[in-house]
Amino acid sequence: MANEIMAVRQLPVIEERLRSQAETVDKRVALAESLVCTEDTYKAVKKTRAELNSEFANFEEQRKAIKKAILDPYERFEATYRECIADKYRAADAALKGKIAEVENGIKDAKREDVTEFFNEYAASLGLDFVSFDAAGINVTMSASKKSLRESARKFLDGIADDLSMISTQEHSDEIFLEYKRTLNAAQAVTTVHNRHAAIEEERRRREAAAAEQEARAKAQMRVDEVLEAEKPAEA
């Protein structure tokens with residue numbers, strides 16, 4: 001139906017007319033390009049150039065007039081096409097898209113509610129009261145089944161439990177746990193706390209070394225003072 005309505009039933013004759021002029025134009029252009037431009041002939045060459053420009057300008061004026069004559073009815077046709085066809089299809093598509101989205105969002109909301117409930121129950125069974133469902137980053141899509149979403153939640157929480165089991169064996173485990181609650185990255189938490197304590201220990205050693213050095217200098221100064229005191233001449 002659409003192909004029949006939109007079919008162009010008459011080919012324009014303008015193209016044929018242009019082709020009929022092509023040979024004449026070729027001859028005119030070839031003759032102009034063959035001209036030799038010297039001091040004696042440059043005025044004739046300028047005249048030929050002016051004539052060609054005038055001819056071309058005339059063709060351009062006709063082209064612009066033809067373009068306008070073609071575009072005006074097309075623009076009117078396009079407006080009618082939008083009103084009668086395109087706008088109707090687009091409105092129907094938007095309406096159907098909204099209805100589909102409403103149903104799909106309802107389905108995804110139901111899946112999210114189900115997996116969130118499972119997540120919270122399983123987290124409670126593991127004693128994990130510091131991690132939220134959003135932290136798991138589970139993407140609830142139309143293609144994801146409730147079973148697969150629950151499995152993703154279980155794997156995430158089991159991973160948390162494994163991390164806590166490992167952290168409990170570490171030195172400064174309480175401090176590492178506090179850091180882990182902030183990042184949920186066990187390796188990063190362990191490294192952060194160990195580096196922190198290493199820095200504290202290094203600072204303690206530096207202070208002890210500085211204090212020992214200061215004490216040694218003080219003792220040395222006392223010995224010097226004692227020698228100098230001993231070398232003072234006795235008072236008459």
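In this predicted model, Leu-71, Tyr-74, Phe-77, Tyr-81, Ile-85 and Tyr-89 make a nonpolar surface patch. The patch covers about 580 Å². Three of its aromatic members, Tyr-74, Phe-77 and Tyr-81, are also linked into a cluster by ring pairs. Phe-77 belongs to helix 3. Its relative accessibility is 36%. Phe-77 therefore counts as partly exposed, since that class lies between 20% and 50%.

Aromatic pairing was then examined across the model. The count comes to six aromatic pairs. In one of them, the ring centres of Phe-118 and Tyr-122 are 5.8 Å apart and the ring planes meet at 10°. The pair is stacked, because planes under 30 degrees apart fall in that class. Phe-118 and Tyr-122 both sit in helix 3, which spans residues 42-125. They are four residues apart, so about one helical turn separates them. Tyr-122 has a relative accessible area of 22% and is thus partly exposed.

The rings of Phe-130 and Phe-177 adopt another arrangement. Their centres lie 5.5 Å apart, with the planes at 90°. This angle is over 60 degrees, so the pair is edge-to-face. With a relative accessibility of 27%, Phe-177 counts as partly exposed.

The largest nonpolar core holds 22 residues. Within it, Phe-119, Phe-156 and Leu-157 touch the most other members. Helix 3, helix 4, helix 5 and helix 6 (186-230) each give two or more residues to this core. Helix 4 gives the most, with six residues. Phe-156 touches Phe-119, Val-131, Ala-135, Ala-136 and Leu-184, when residues up to four places away in sequence are not counted.

Beyond its neighbours within four places in sequence, Asp-114 is in contact with Lys-146 and Arg-150.

Conventions
Residues are numbered from 1 along each chain as its sequence is written. This is a predicted model: local features need pLDDT of at least 70, side-chain atom pairs count only at pLDDT 80 or more; totals for chains, interfaces and linings use all residues. Side-chain values use heavy atoms; hydrogens and water are left out. Rings of Phe, Tyr and Trp (its six-membered ring) pair if their centres lie within 6.5 Å; planes under 30 degrees apart count as stacked, over 60 as edge-to-face and the rest as tilted. Buried means under 20% relative accessible area, exposed over 50%, partly exposed in between (1.4 Å probe, protein chains only). Patches are made of residues with over 30% relative accessible area and no salt bridge: like charges are joined within 9 Å, nonpolar side chains (Val, Leu, Ile, Met, Phe, Trp, Tyr) within 5 Å. Accessible areas come from the Shrake-Rupley method with a 1.4 Å probe; for residues, only the protein chains shown count as cover. A salt bridge is a side-chain nitrogen of Lys or Arg within 4 Å of a carboxyl oxygen of Asp or Glu. A nonpolar core is a set of buried Ala, Val, Leu, Ile, Met, Phe, Trp, Tyr and Cys residues joined through side-chain atoms within 4.5 Å. Contact means heavy atoms within 4.5 Å.
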